[in-house]
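Me: I'd like to learn how to read a sheet and a chain contact. Could you walk me through them with an example?

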Protein chains: 4
Amino acid sequence: MTEMAGYEREWTVRFSDTDPFGIAHYPRIVDALHETSDMFMEELGFPFWEISQEHGFGLPLVEMNFEFENPVEAGDEVTIELTPDPGTRSVRFEYEARCDGDVAFSGHEQRVCAHHGGGGSMELPEELRAAFEQYAED
Amino acid sequence: MTEMAGYEREWTVRFSDTDPFGIAHYPRIVDALHETSDMFMEELGFPFWEISQEHGFGLPLVEMNFEFENPVEAGDEVTIELTPDPGTRSVRFEYEARCDGDVAFSGHEQRVCAHHGGGGSMELPEELRAAFEQYAED
Amino acid sequence: MTEMAGYEREWTVRFSDTDPFGIAHYPRIVDALHETSDMFMEELGFPFWEISQEHGFGLPLVEMNFEFENPVEAGDEVTIELTPDPGTRSVRFEYEARCDGDVAFSGHEQRVCAHHGGGGSMELPEELRAAFEQYAED
Amino acid sequence: MTEMAGYEREWTVRFSDTDPFGIAHYPRIVDALHETSDMFMEELGFPFWEISQEHGFGLPLVEMNFEFENPVEAGDEVTIELTPDPGTRSVRFEYEARCDGDVAFSGHEQRVCAHHGGGGSMELPEELRAAFEQYAED
């Protein structure tokens with residue numbers, strides 16, 4: 001039986017995201033990717049704005065790697081899927097964005113689990129790991 | 001009988017919008033306001049990305065005036081209401097943003113209706129005026 | 001004798017700031033205005049990132065009001081002048097941006113002097129007032 | 001004899017770039033990277049805003065890969081070095097950003113040389129290749 005995996009959100013490319021060729025500027029795509037990570041963590045019940053204050057840790061980015069396969073234009077409805085791949089002391093967020101059935105851009109963010117205030121890495125809290133696994137691929 | 005006026009959207013303040021005090025940076029609020037104008041024009045059936053190409057005009061901004069009454073924080077759900085006030089050759093977009101019942105920020109954008117390509121002002125097309133009036137206050 | 005007043009910086013409009021008509025998106029102009037306020041406070045010796053931590057106050061924005069008179073394009077060299085107008089418990093930053101001799105955009109930000117942490121307004125510290133006055137108009 | 005390679009610019013992290021921990025948001029670092037590519041192309045005499053209009057080609061991004069080694073804070077003076085590595089029909093921009101002697105972030109953008117208007121890849125124009133080689137490593 002196939003299990004659905006991943007978290008999905010729709011991103012509408014806005015006029016204010018676009019360049020003289022009518023396609024989205026790359027930094028605006030990065031804004032949409034980061035917004036997606038923020039929406040995902042909120043969906044999980046571990047929003048970025050709470051984990052440091054209430055749980056004493058963060059998930060700072062240590063690497064990002066993206067490929068841009070097809071440009072997107074103002075008005076495009078882009079489905080951005082985020083699939084978490086949790087490790088022991090880190091998590092990888094895999095992204096794939098599709099528009100009209102084609103991949104527009106894809107890649108990943110590597111994030112470490114770190115004590116709040118620069119105190120070094122730590123294991124992912126068990127509840128957060130369990131939440132990631134609900135959205136992970138088998 | 002009271003008529004509902006205005007277009008509303010919900011804006012969730014994201015961690016990536018916030019400053020060292022935990023409140024939204026002003027330029028990120030401006031991003032949210034512009035996104036709201038873009039969503040509204042799409043809702044009307046006159047998206048910014050179509051009017052110049054298909055109808056030969058634009059609505060460039062000539063003035064913006066905003067007051068910031070209460071700060072907003074990551075995770076806040078902000079209701080941004082946009083009420084258009086169409087003139088002959090221009091339109092004013094009035095904004096009011098509320099969070100937990102209080103006004104967070106409010107103000108307006110003044111936009112002129114201009115021929116595409118810098119050709120001077122023109123009257124609002126009748127269909128667009130009619131669309132604005134559906135959302136305008138009496 | 002006329003004294004020169006105001007703080008000036010050059011802003012080069014970038015390709016990544018521009019829209020399908022080749023002109024700067026309004027939110028990117030707002031980014032440039034805010035960057036200018038940040039550069040000015042650093043120039044004065046009261047950078048935004050120090051005043052709260054070392055002096056216990058901030059200058060949150062309570063109003064912004066800008067007019068956009070002429071569009072700017074990628075590659076344009078824009079001179080943004082900021083002239084402070086200090087009050088007792090507030091300061092107004094007046095902006096005028098010129099490109100090739102014409103005003104591109106102008107307006108002001110009204111900022112209050114407030115105790116760090118939401119503790120209400122306070123008088124501008126004397127040293128900061130003196131610093132503003134060096135750049136103020138007579 | 002050692003030849004200096006690479007193009008350098010200074011980026012001052014602004015208050016408006018920073019997050020609740022006082023460090024730069026990742027999307028704001030990406031803005032600074034893209035601004036650097038824009039400044040570099042202008043320095044070469046092939047600004048992004050001219051090459052499509054006057055030379056009929058562009059350098060769209062097809063991949064970005066960055067590592068974030070050390071956070072940067074408001075007020076930090078970051079030296080961003082861009083070293084181009086031209087191929088036949090593409091160019092890689094290698095970046096290394098240093099602050100107080102340590103690497104803050106580094107990585108690359110892969111860009112293809114493409115006919116304006118989506119017409120497929122083409123060889124780098126000879127003059128542009130020569131310009132890149134002046135900044136390339138041996």
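This is a predicted model: local features need pLDDT of at least 70, side-chain atom pairs count only at pLDDT 80 or more; totals for chains, interfaces and linings use all residues.

Me: In what order do the ten strands of the open sheet come?

Reply: Strands of a sheet pair through backbone hydrogen bonds, either parallel or antiparallel. Here the order is β1(A)-β4(A)-β5(A)-β6(A)-β3(A)-β3(D)-β6(D)-β5(D)-β4(D)-β1(D), with antiparallel pairing. β1 (7-12) of chain A and β1 (7-12) of chain D each have a single partner strand, so one side of each lacks a neighbour in the sheet. From one strand to the next, the twist averages 15 degrees.

Me: How many bridges join β5 of chain D to β6 of chain D?

Reply: Ten bridges join these antiparallel strands, residues 90-99 and 102-112 of chain D. To find your place along the pair, look for D:R98, which stands opposite D:V103 in β6(D).

Me: Now the other contact. How much area is buried between chain D and chain C?

Reply: About 1,100 Å² is buried there, and carbon and sulfur atoms give 56% of that. On the chain D side, D:R14, D:F15 and D:W49 supply 48% of the area buried against chain C, more than any other three residues. Each chain brings 14 residues to the contact.

Me: What is the count of salt bridges between chain D and chain C?

Reply: There are four salt bridges. One to look at joins the side chains of D:E42 and C:R14, at 3.0 Å from N to O. As for elements, α1 (26-44) and α2 (48-55) of chain D each give two or more residues to the side that touches chain C. The largest share, four residues, comes from α1(D). By type, that side of chain D divides into six nonpolar, three polar and five charged residues.

Technical notes: Residues are numbered from 1 along each chain as its sequence is written. Chains are lettered from A and ligands numbered from 1 in the order in which they are written. Side-chain values use heavy atoms; hydrogens and water are left out. Two strands pair if DSSP finds at least two bridges between them. Axes are lines fitted to C-alpha atoms, for helices over the stretch in contact, and angles run from 0 to 180 degrees between N-to-C directions. Contact means heavy atoms within 4.5 Å. Buried area is the accessible area (1.4 Å probe) that two parts lose on being put together, summed over both. Ala, Val, Leu, Ile, Met, Phe, Trp, Tyr, Cys and Pro count as nonpolar, Asp, Glu, Lys and Arg as charged, and the others, Gly among them, as polar.
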